[in-house]
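Morning, everyone. Please have a look at the chain on the screen, and I will walk you through it.

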Amino acid sequence: QVQLAESGGGLVQAGGSLRLSCAASGRTFSSNGMLGWFRQAPGREREFVASIIWSHSSTYYADSVKGRFTISRDDAKITGYLQMNSLKPEDTAVYYCAAKTQWWKSEYDYWGQGTQVTVSS
C-alpha cells in the first residue's frame, strides 16, 4: 500500500508560480512505477496534467501545461513535485497526485486527497 499526501496549493495571482509536493509513504516505488498529477475544476471531469516514470524520469504533459509546468521527483525523499509557472485562471482546480506500480497500466492504483490551487485574474 502506498499513501500519498499533497501539499503546496494555495492562492496565487495570474502569472505567478506554485510548487506542489506529493510525499509517498508505505510501499516504495518500484523501478516500473509512475507518479502522475491530475486536476479537477468545479463542474468538470478530472483531467491528466503530467506524469513521470519513477526510475528514469521520462515525463509526459498535457498540451495545456506544456512549457509552463514541470514534473520531477526526489528518489531519496520519495516525493514528487509539480512546478507550476505562468499560472492562468483556468489552472484553478483541485490537484491530485496518483501512483501506479507499473507505468504501462492505464489505471492508477493510489490517490492523494488533493490540494486546492486558485489562480486569480
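A word on the source. This is a predicted model, so local features need pLDDT of at least 70 and side-chain atom pairs count only at pLDDT 80 or more, while totals for chains, interfaces and linings use all residues. Residues are numbered from 1 along each chain as its sequence is written, and side-chain values use heavy atoms, with hydrogens and water left out.

First, the overall picture. How many helices and strands does the protein have? Zero helices and 11 strands. Those words have cut-offs: both are DSSP runs, helices being H or I with at least four residues and strands E with at least two, numbered from the N terminus. So read from the N terminus, the elements go β-β-β-β-β-β-β-β-β-β-β.

Now size. The C-alpha atoms fill a box of roughly 40 × 25 × 25 Å along the principal axes.

What about the inside? Buried residues make up 42% of the 121 residues. Buried means under 20% relative accessible area, exposed means over 50%, and partly exposed is in between, using a 1.4 Å probe and protein chains only. Then contacts, meaning heavy atoms within 4.5 Å. Take those between residues at least 6 apart in sequence: 54% of them join residues at least 24 apart.

Two strands pair if DSSP finds at least two bridges between them.

β1 pairs antiparallel with β3 (residues 18–26) over six bridges. A5 stands opposite A23 in β3. Then β3 pairs with β8, again antiparallel, over six bridges. There, L18 stands opposite M84 in β8. Last, six bridges join β7 to β8 (residues 79–84), also antiparallel. T70 has Q83 in β8 as its bridge partner. A general point: side chains in a regular strand alternate between the two faces of the sheet.

Now the rings. The structure holds five aromatic pairs. One of them is F38 with W111: tilted, 5.0 Å centre to centre, 55° between the planes. Rings of Phe, Tyr and Trp (its six-membered ring) pair if their centres lie within 6.5 Å; planes under 30 degrees apart count as stacked, over 60 as edge-to-face, and the rest as tilted. This pair links distant parts of the chain, with F38 in β4 (residues 34–40) and W111 in β10, 73 residues apart. Is each one buried or partly exposed? F38 is buried, because its relative accessible area is 11%. W111 is partly exposed, at 30%. Both belong to one aromatic cluster, together with F48 and Y108.

R46 lies over its face, 3.8 Å from the ring centre. Elsewhere, the charged end of R73 sits over the ring of W54, 5.6 Å from its centre. The rule is NZ of Lys or CZ of Arg within 6 Å of the ring centre and within 35 degrees of the ring normal.

Finally, the loops. Most residues other than glycine have a negative phi. I78, in the loop between β7 and β8, has a positive phi near 50°. I78 is partly exposed, at 24% relative accessibility. S86, in the loop between β8 and β9, also has a positive phi near 50°. S86 counts as partly exposed because its relative accessibility is 42%.

One last stop: T101, in the loop between β9 (93–100) and β10 (110–111). What does T101 touch? Leaving aside residues up to four places away in sequence, T101 touches R27, S30, N32, G33, D109 and Y110.
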